[in-house]
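Me: I would like to go through this model term by term, asking each time what a label rests on. Please set each value against its definition before concluding.

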Amino acid sequence: LSTFSSKLISDDWPGYSLDLFTYPQHYYGDLEYVLIPHGIIVDRTERLAKDITQDIGDNDIVVLCVLKGGYKFCADLVEHIKNLSRNSERFISMKVDFVRLKSYHPGCVGPYFALRHWRKRRRPQRDGEGSGELVPEESQGSGMRGRRNLQNDKSMEDMQIMGEDDLSDLRGKNVLIVEDIIGTGRTMKALLNNIEKCEPKMIKVASLLVKRTSQPDGFRPDYYGFEIPDIFVVGYALDYNEHFRDLNHICVINDQGKAKYRV
Ligand code: 5GP
């Protein structure tokens with residue numbers, strides 16, 4: 001449990017056995033382990049809501065939820081902020097808006113884009129056997145490095161924001177962007193570039209997860225729930241080809257799961 005004494009989940013954290021919790025039957029056999037159980041996510045989100053409420057004080061905020069992966073975290077965060085606001089002298093008025101990020105590359109929307117660049121690496125497991133875990137290509141020191149960077153940079157330049165029409169309303173507002181996970185940080189940096197053009201009064205970013213990537217230009221959000229190893233995770237609205245969003249815990253998929261839902 002010492003791993004949870006900080007918000008950092010270490011690389012050698014073995015996770016929780018799936019037998020300890022319940023999860024949808026249609027995912028039986030598809031998961032490796034539970035990285036963060038749902039209860040811990042909810043409790044951590046409550047604390048983040050408290051920190052945000054204290055910082056933002058009496059200001060009105062526009063919560064900008066980044067779909068689709070951010071919807072669970074955003075809904076729970078907004079609920080906690082609402083409860084805190086109701087039960088205290090500090091009243092925060094909130095508007096909630098939604099954006100979806102799309103690359104101009106056909107078929108590359110948000111998480112899909114990231115997934116195109118994940119491939120298998122043998123990563124030692126608890127039992128020392130190793131499994132085909134999804135890891136980013138660049139962390140493998142392979143010849144793919146240059147290509148991935150090139151494509152990622154391109155995706156940032158070409159990023160399209162769906163729901164962008166409403167962004168002009170952000171002028172002069174306090175904006176809280178709510179995202180599921182920050183990997184390289186390129187997606188968030190690109191989104192921030194666009195939002196800054198609307199001249200909001202303040203922009204803060206809250207992300208449930210931050211990955212420990214080897215990116216020198218890594219982005220750090222103002223608020224985050226947990227820093228996790230550089231592995232591919234699903235659940236709590238994070239998907240693998242649209243699957244696993246209905247899983248409450250944040251989990252790591254096994255080979256069977258990857259093969260079953262591969263497109
Ligand atoms: P970036 O590398 O630009 O920070 O991340 C791009 C996007 O890829 C994120 O907004 C997120 O939607 C998706 N992504 C990154 N890592 C993961 C992951 O481990 N699981 C899932 N489901 N999506 C991820």
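Reply: A nonpolar core is a set of buried Ala, Val, Leu, Ile, Met, Phe, Trp, Tyr and Cys residues joined through side-chain atoms within 4.5 Å, where buried means under 20% relative accessible area, exposed over 50%, and partly exposed in between (1.4 Å probe, protein chains only). This is a predicted model, in which local features need pLDDT of at least 70 and side-chain atom pairs count only at pLDDT 80 or more, while totals for chains, interfaces and linings use all residues. Residues are numbered from 1 along each chain as its sequence is written, and side-chain values use heavy atoms, with hydrogens and water left out.

Me: Which residues of the largest nonpolar core touch the most other members?

Reply: They are Leu-35, Leu-77 and Val-233, in a core of 48 residues. A second, separate core of 20 residues includes Val-99, Leu-167, Val-175 and Phe-219.

Me: With which residues is Leu-77 in contact, leaving aside its neighbours within four places in sequence?

Reply: Contact means heavy atoms within 4.5 Å, and on that basis Leu-77 is in contact with Thr-45, Leu-48, Ala-49, Ile-52, Leu-176, Val-178 and Ala-206.

Me: Why is Thr-184 called buried?

Reply: Thr-184 is called buried because its relative accessible area is 15%, and the label applies under 20%. Thr-184 and Gly-218 are 34 residues apart in sequence, yet their C-alpha atoms are 5.7 Å apart in space.

Me: What makes the approach of the Thr-184 side chain to the backbone nitrogen of Arg-186 a polar contact?

Reply: A polar contact is a pair of N or O atoms within 3.5 Å; within protein, one must be able to donate a hydrogen and the other to accept it, and residues adjacent in sequence count only if both atoms are side-chain atoms. The side chain of Thr-184 reaches that nitrogen of Arg-186 at 3.2 Å, so the distance falls within the limit.

Me: Which side chains have N or O atoms at such distances from oxygen atoms of the ligand?

Reply: Among them are Glu-179 at 3.1 Å, Thr-187 at 2.5 Å and Lys-211, through a polar side-chain atom, at 2.7 Å. Taken alone the ligand exposes 510 Å², of which the protein buries 93%, with areas from the Shrake-Rupley method and a 1.4 Å probe (for residues, only the protein chains shown count as cover).

Me: How many residues surround the ligand, and which are the closest?

Reply: A residue is near a molecule or strand if one of its heavy atoms lies within 4 Å of it; 17 residues surround the ligand, the closest being Gly-183, Thr-184, Gly-185, Thr-187 and Lys-211.
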